[in-house]
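Please keep the sequence and the model in view while reading.

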Amino acid sequence: MPHALVLNATYEPLCVVPDRRALVLVLSRKAVAVADTGSVVHSVRRVVTVPAVVRLNRYVKVVHRGPVPLTRRAVFARDGGRCVYCTAPATSLDHVVPRSRGGLHVWENVVSACHRCNRIKGDRTISDLGWRLRVVPRPPSGPAWRILGTGRSDPRWVPFLAPFGAAHLYAPADASASA
Ligand SMILES: [Zn+2]
C-alpha cells in the first residue's frame with residue numbers, strides 16, 4: 001500500500017501513514033497536501049489527488065522521542081549505502097567488534113559493509129586486519145531518521161527530510177569520496 005509522509009505544522013517530519021489516511025487528513029482540513037503522488041481518487045462528487053506529503057494545519061507537540069531504531073535500512077542510510085571499509089555498494093551489516101568478541105548490537109558498533117569485506121573480516125577486529133573506518137559510527141539524530149527507519153521511502157519525501165538530519169539524501173551515491 002502506498003504511504004504518505006506527514007509533517008508537523010513546522011515542517012518537521014512526524015510519521016508515515018497509508019496514503020488513504022493522508023487523504024482523509026486533507027479532506028477533513030486537518031492537513032494540506034504539499035506534494036502529490038499524481039494519482040487520483042474518484043468519489044461521487046469530485047476527483048481528488050492522492051498526497052505524497054501532507055503538512056498538519058495545527059502544531060502537534062511531540063512529547064517523547066526515543067532512540068532511532070537500529071535497522072538495516074537505517075544503517076545503510078546513515079552510511080550512504082556504501083561499505084565503510086572499501087566504499088563498494090553495501091550488501092550487509094557488520095559488527096565492527098564482532099559479536100563473538102563481545103561487540104554489541106548498537107549504532108556505535110554496526111556499520112554497512114560489502115559482502116567481500118564482511119567475509120574477509122569474519123570474526124576479526126579491524127585492528128587485527130590493519131583496516132580503518134572512514135567515519136566513526138554514531139547514532140543518527142534528527143526527525144528524518146524516524147522516517148528512514150520505518151523502511152518506507154519515496155523520492156518525493158527527500159526535500160522534506162533533507163533539512164532534518166538527512167542532508168546526505170541529496171548527495172549522489174558516488175559523491176562521498178569528494179565530500
Ligand atoms: Zn567492502
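This is a predicted model: local features need pLDDT of at least 70, side-chain atom pairs count only at pLDDT 80 or more; totals for chains, interfaces and linings use all residues.

Thr87 is located in the loop that runs between α2 (72–78) and β5 (92–95). The phi angle of Thr87 is positive, about 70°, although the residue is not a glycine. Most residues other than glycine have a negative phi. Thr87 counts as partly exposed because its relative accessibility is 33%, a value that falls between the limits of 20% for buried and 50% for exposed residues.

The loop between α2 and β5 also holds Cys86, one of the protein donors of the zinc ion. Which residues supply the donor atoms of this ion? They are Cys83, Cys86, Cys114 and Cys117, each through its SG atom, at 2.3 to 2.4 Å from the zinc ion. The angles subtended by the four donor atoms range from 102 to 116°, and the arrangement is therefore tetrahedral. Along the chain, the donor residues follow the spacing C-x2-C-x27-C-x2-C. Cys114 belongs to the loop between β6 (110–113) and α3 (115–121), whereas Cys86 belongs to the loop between α2 and β5, so this pair ties together parts that are 28 residues apart in sequence. As for accessibility, Cys86 is partly exposed, with a relative accessible area of 32%, while Cys114 has 7% and counts as buried.

A further positive phi is found at Arg29, which is not a glycine either; its value is about 60°. This residue lies in the loop between α1 (19–27) and β3 (31–42). Is Arg29 buried or exposed? Its relative accessibility is 71%, and Arg29 therefore counts as exposed.

The description now turns to strand β1. This strand spans residues 3–7, and five of its five residues are buried. His3, Leu5 and Leu7 point one way from β1, while Ala4 and Val6 point the other way. Strand β1 pairs with strand β2 (residues 13–18) in the antiparallel sense, over five bridges. Together β1 and β2 form a hairpin with five residues between them, and Tyr11 in the turn has a positive phi of about 80°. With strand β4 (residues 47–56), β1 pairs in the parallel sense, over three bridges. Val6 takes part in both pairings: Cys15 stands opposite Val6 in β2, and Val54 is the bridge partner of Val6 in β4.

Technical notes:
Residues are numbered from 1 along each chain as its sequence is written. Side-chain values use heavy atoms; hydrogens and water are left out. Buried means under 20% relative accessible area, exposed over 50%, partly exposed in between (1.4 Å probe, protein chains only). Helices (H or I, at least four residues) and strands (E, at least two) are DSSP runs, numbered from the N terminus. Two strands pair if DSSP finds at least two bridges between them. Donors are N, O and S atoms within 2.8 Å of the metal (3.2 Å for Na, K and Ca); water is not among the atoms, so sites may look incomplete. Four donors count as tetrahedral if all angles lie between 85 and 135 degrees; four count as square planar and six as octahedral if opposite donors are over 155 degrees apart and all others between 65 and 115; anything else is irregular.
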